[in-house]
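Let's walk through this structure together, one piece at a time. Keep the sequence and the 3D view open as you read.

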Amino acid sequence: MKNLPFHALLSRIAFSGLATIIGIVFALPLVWFIFSPFNARAELGLEIPDPWTLSNFFTVFGNGFAMQALWNSFIQAVGGVILVGCAATLAAYALSRSSIPGKGAVTYILLLFSSVVSGTAAMVPIFLIVSAAGLMDTHLAVILTFAGGLLPTAMFILRDFIDGIPKSYEESAMVAGASPVQAFFDVALPVIRPGIVVVVVWAFVNIWGSFLIPFILLRSSENMPASVAIYSFYSEAGTPVVTLLAAYSLIYSLPVIALYLFVSWKFGFRFFGGIKA
């Protein structure tokens with residue numbers, strides 16, 4: 001620091017100060033998010049609870065609609081993750097190992113259109129298709145819609161992992177007597193497991209936090225997910241009941257945090273795109 005020119009030192013101080021201010025701005029909502037659920041008089045302003053209380057959580061847990069909504073979110077997220085993970089793994093493996101002409105273009109076209117499938121512009125045709133199929137107000141409709149929107153991107157992600165696996169690994173297994181199915185499950189699948197975990201986490205977060213698709217495709221309160229049910233903690237005038245909203249938001253975020261911690265503990269987020277021969 002002593003050897004730095006004055007203007008360089010001034011630039012570092014200015015940059016550090018700006019970064020600190022930006023960090024504080026982003027940290028304040030998180031601090032509010034941590035403290036407000038334990039405050040019986042929580043407001044939109046930042047206030048440390050005095051005294052600390054769990055009454056907000058007891059009230060939320062006593063709300064049957066809100067608790068059922070969390071279970072509905074779990075059903076939809078897990079169902080979508082299983083469908084996307086399995087289909088994307090098989091499809092990405094087929095695209096990577098096949099000799100189909102223009103398979104790269106096919107992947108990019110699917111990726112392009114996937115941004116439309118689950119977007120606002122596609123809601124009317126999706127609604128009509130789901131209605132014609134007789135799947136309105138069902139978890140299956142939500143799961144299939146999410147899978148259609150997330151599958152192309154998941155295939156794109158996994159194909160990169162699979163392309164990094166030398167074909168000689170599977171060929172050696174088949175020479176030793178393994179069938180193509182055995183070569184996939186015993187050789188390829190263990191190597192691309194980190195890529196599947198990436199897709200699982202990404203798909204779970206997308207489905208868990210989505211509002212528009214379940215709001216349009218579901219009608220009964222028994223099937224509504226937590227992303228929609230969270231609005232039940234608003235008054236008829238549209239004013240949030242901050243104490244209950246904060247407590248429910250914290251509960252709503254716990255599955256995503258738990259998934260992140262589990263994956264971080266299990267894999268350490270050391271995701272690599274395959275191995276080289």
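First, some ground rules. This is a predicted model, in which local features need pLDDT of at least 70 and side-chain atom pairs count only at pLDDT 80 or more, while totals for chains, interfaces and linings use all residues. Residues are numbered from 1 along each chain as its sequence is written, and side-chain values use heavy atoms, with hydrogens and water left out.

Start with the overall picture. The protein has 11 helices and 0 strands; helices (H or I, at least four residues) and strands (E, at least two) are DSSP runs, numbered from the N terminus. Of the 277 residues, 37% count as buried. Here buried means under 20% relative accessible area, exposed means over 50%, and partly exposed is in between (1.4 Å probe, protein chains only). The accessible surface comes to about 15700 Å², and 72% of that belongs to carbon and sulfur atoms. Those areas come from the Shrake-Rupley method with a 1.4 Å probe, and for residues only the protein chains shown count as cover. As for contacts (heavy atoms within 4.5 Å), take those between residues at least 6 apart in sequence: 71% of them join residues at least 24 apart.

Now for helix packing. Two packed helices are described by the angle between their axes and the distance between the axes. The axes of H8 (180-208) and H11 (residues 242-267) come within 11 Å and cross at roughly 170 degrees. An axis is a line fitted to C-alpha atoms, for helices over the stretch in contact, and angles run from 0 to 180 degrees between N-to-C directions. H8 and H11 are therefore roughly antiparallel, on a scale where under 35 degrees is roughly parallel, over 145 roughly antiparallel, 65 to 115 roughly perpendicular and the rest oblique. On the H8 side, the residues in contact include Arg193, Val197 and Phe204, and on the H11 side they include Tyr252, Leu259 and Phe267.

How many salt bridges are there? The count comes to 2, taking a salt bridge as a side-chain nitrogen of Lys or Arg within 4 Å of a carboxyl oxygen of Asp or Glu. One pairs Glu170 with Arg97, with the closest N and O atoms 2.8 Å apart. That pair links distant parts of the chain, since Glu170 sits in H7 (residues 167-175) and Arg97 in H3 (residues 64-97), 73 residues apart. Both Glu170 and Arg97 are buried. Another joins the side chains of Arg159 and Asp163 (3.6 Å, N to O). These two are 4 residues apart in H6 (residues 139-163), so about one helical turn separates them. Arg159 is buried at 16% relative accessible area, whereas Asp163 counts as partly exposed at 40%.

Next, have a look at two loops. Ile165 lies in the loop between H6 and H7 and is buried, with a relative accessible area of 2%. Leaving aside residues up to four places away in sequence, Ser210 touches Phe146 and Ser227.

Finally, turn to the surface. Leu18, Ile21, Ile22, Val25 and Phe26 form a nonpolar patch there, with about 520 Å² of accessible area together. Patch residues have over 30% relative accessible area and no salt bridge, with like charges joined within 9 Å and nonpolar side chains (Val, Leu, Ile, Met, Phe, Trp, Tyr) within 5 Å. Leu18 itself lies in H1 (residues 6-35).
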